[in-house]
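Try each task before you read its solution.

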Amino acid sequence: MDFLITQHALLLNYGQIIVEGILILKLGIGTVVSGSNTGLVQMDDLADRAPQFAAFFIAPNREKVLKMVQMTTYRIPNCDGTINRTGCYDLKLTDVMTGFWPSENGAMPPDEPVCGFRGQRCSYTVEIAVGATVLALIMLILLLWLLRRHCQTRALNKMPWRLFSDDFRLIDEEAARSLLSIGSSNTKLSNQSIGGSKKHAILGVNTHATYRRFIQKQPLKFNREDMVLLTAVKDAIHDNINPFLGMAFNDKEEMFILWKFCSRGSVQDIIYNKSMTLDEKFHAAFVRDITLGLEYLHLSKVGFHGLLSPSTCVIDRNWSVRLTDFGLATMLERWQKEGQIQPYKAEEEEEVVKEKRRGSKEKSCPTAFDRRGLKANYNIYCPPEMLKNREQNRRRRMDQSWIQQSVMRRQAGDIYAFGIVMYEILFRDLPFPRNVDLSGQFDSLFLAFNWENLLNYCLFRRKIKGCFGNNK
């Protein structure tokens with residue numbers, strides 16, 4: 001290629017084609033010719049073409065090729081290529097693009113870092129202060145959490161309603177009868193109705209108690225509202241309120257709730273015992289006592305009963321009705337939902353069997369036990385809106401919060417239950433027709449309420465104003 005270019009250049013300069021090699025070499029030294037496609041062609045002292053170069057930058061994230069440097073040849077002055085055997089040409093570099101750096105935006109880095117080579121121009125006081133503050137806050141939160149756990153543990157240990165398994169012992173029904181017969185002047189009527197509860201315990205030395213037992217699967221967790229409510233239940237003192245003796249938990253794999261035992265059973269045991277005759281004085285006394293007890297709960301720190309039914313209205317030795325099992329229904333339901341406790345199934349089944357046997361001995365009406373609950377089924381005493389709330393909580397996932405009911409709505413639910421209890425006291429039957437399925441859904445039970453019996457009773461006693469007048 002160089003030979004052809006040299007011959008072409010000689011043709012242009014001398015007008016003839018030279019074919020002698022040595023002559024071509026001598027005449028071609030320093031020849032310059034302009035090519036059509038190759039640009040300017042210069043021959044050095046060795047009859048070689050002096051190169052023409054350019055430097056380009058190809059970025060991996062760019063499509064455009066950038067020309068950086070143009071390299072042109074120039075002859076070295078006072079140079080004889082035949083002596084030093086060089087071409088006597090060198091490259092001259094000319095920057096086409098200045099201030100370029102192969103970064104993403106092409107900007108060159110500063111001559112010196114912003115903070116200096118040793119960081120002497122920057123102060124990290126703010127960053128250090130912020131980091132120290134954040135670390136201090138984390139440690140403070142951790143310390144407060146540990147302190148709260150410690151205070152909760154101390155509070156649980158100092159709770160007046162906290163019991164331990166060594167504080168009480170369970171006794172059977174025969175031992176309970178023996179305990180009642182010692183130094184007792186009970187009548188025949190009281191002895192035959194030793195109490196609706198078949199679960200007896202002795203707390204301390206001689207405190208006769210009845211209990212509810214649950215299987216405890218996890219340690220119970222109390223929030224502030226739970227502890228305040230339990231303390232209020234423990235402090236509730238009234239002639240028509242059954243004393244709450246305490247709760248045993250986190251001690252063994254069982255949880256116990258203890259209430260004071262009342263020897264004459266419950267209102268349910270009395271009104272469904274067909275061998276007993278109840279006159280208006282009994283009716284009035286039962287309704288009055290329940291009303292006074294419910295009024296006390298609604299005005300106290302407890303605020304509501306939550307589980308009112310004839311079986312939770314117990315009768316003491318003086319024939320006074322006392323409300324029991326109050327205030328704890330929602331808490332127990334939440335613990336069961338969270339899997340912390342579950343009912344003691346064997347004990348409940350045994351109680352149902354004993355209740356059936358007892359009903360046959362007392363010559364109750366054939367459908368008495370079947371129609372009243374039924375004893376453990378408190379849905380018939382719960383208004384529809386409360387049942388819907390309970391069903392919503394039952395269907396919620398474990399990570400979802402529990403839907404709480406206001407105290408006012410719980411009080412309204414107590415009044416609903418009190419109306420059904422009062423009906424049972426007056427008519428010794430449930431306020432629903434016998435063809436109503438009480439084990440199903442209860443949203444429409446209100447429509448099936450036997451208002452005719454209650455209206456006829458009020459008309460007969462000429463107490464329309466007293467029954468329906470002051471509706472406040």
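**Exercise 1. Find the aromatic pairs and describe two of them by their geometry.**

Solution. The structure holds 11 aromatic pairs, where rings of Phe, Tyr and Trp (its six-membered ring) pair if their centres lie within 6.5 Å, and planes under 30 degrees apart count as stacked, over 60 as edge-to-face and the rest as tilted. Start with Tyr 211 and Phe 256: their ring centres are 5.6 Å apart and the planes meet at 65°, so this pair is edge-to-face. Strands here are DSSP runs of at least two residues (E) and helices runs of at least four (H or I), numbered from the N terminus. Then check burial: both Tyr 211 and Phe 256 are buried, with buried meaning under 20% relative accessible area, exposed over 50%, and partly exposed in between (1.4 Å probe, protein chains only).

Now take Phe 282 and Phe 286, whose ring centres are 5.8 Å apart with planes at 70°, so they too are edge-to-face. They sit 4 residues apart in helix H9, which means a separation of about one helical turn. Phe 282 is partly exposed at 25% relative accessibility, whereas Phe 286 is buried at 1%.

A word on the source: this is a predicted model, in which local features need pLDDT of at least 70 and side-chain atom pairs count only at pLDDT 80 or more, while totals for chains, interfaces and linings use all residues. Residues are numbered from 1 along each chain as its sequence is written, and side-chain values use heavy atoms, with hydrogens and water left out.

**Exercise 2. Describe the surroundings of Asp 289.**

Solution. First, locate Asp 289 in helix H9 (residues 280-299). Its relative accessible area is 5%, so Asp 289 is buried. Finally, leaving aside neighbours within four places in sequence, list its contacts (heavy atoms within 4.5 Å): Asn 240, Trp 319, Ser 320 and Val 321.

**Exercise 3. Which cysteines does a disulfide join, and what is its handedness?**

Solution. The structure holds 1 disulfide, a term for a pair of cysteine sulfur atoms within 2.5 Å. Cys 115 and Cys 122 are the partners, with S to S at 1.7 Å. The torsion about their S-S bond is about -85°, so the disulfide is left-handed. To finish, Cys 122 is partly exposed, at 26% relative accessibility.
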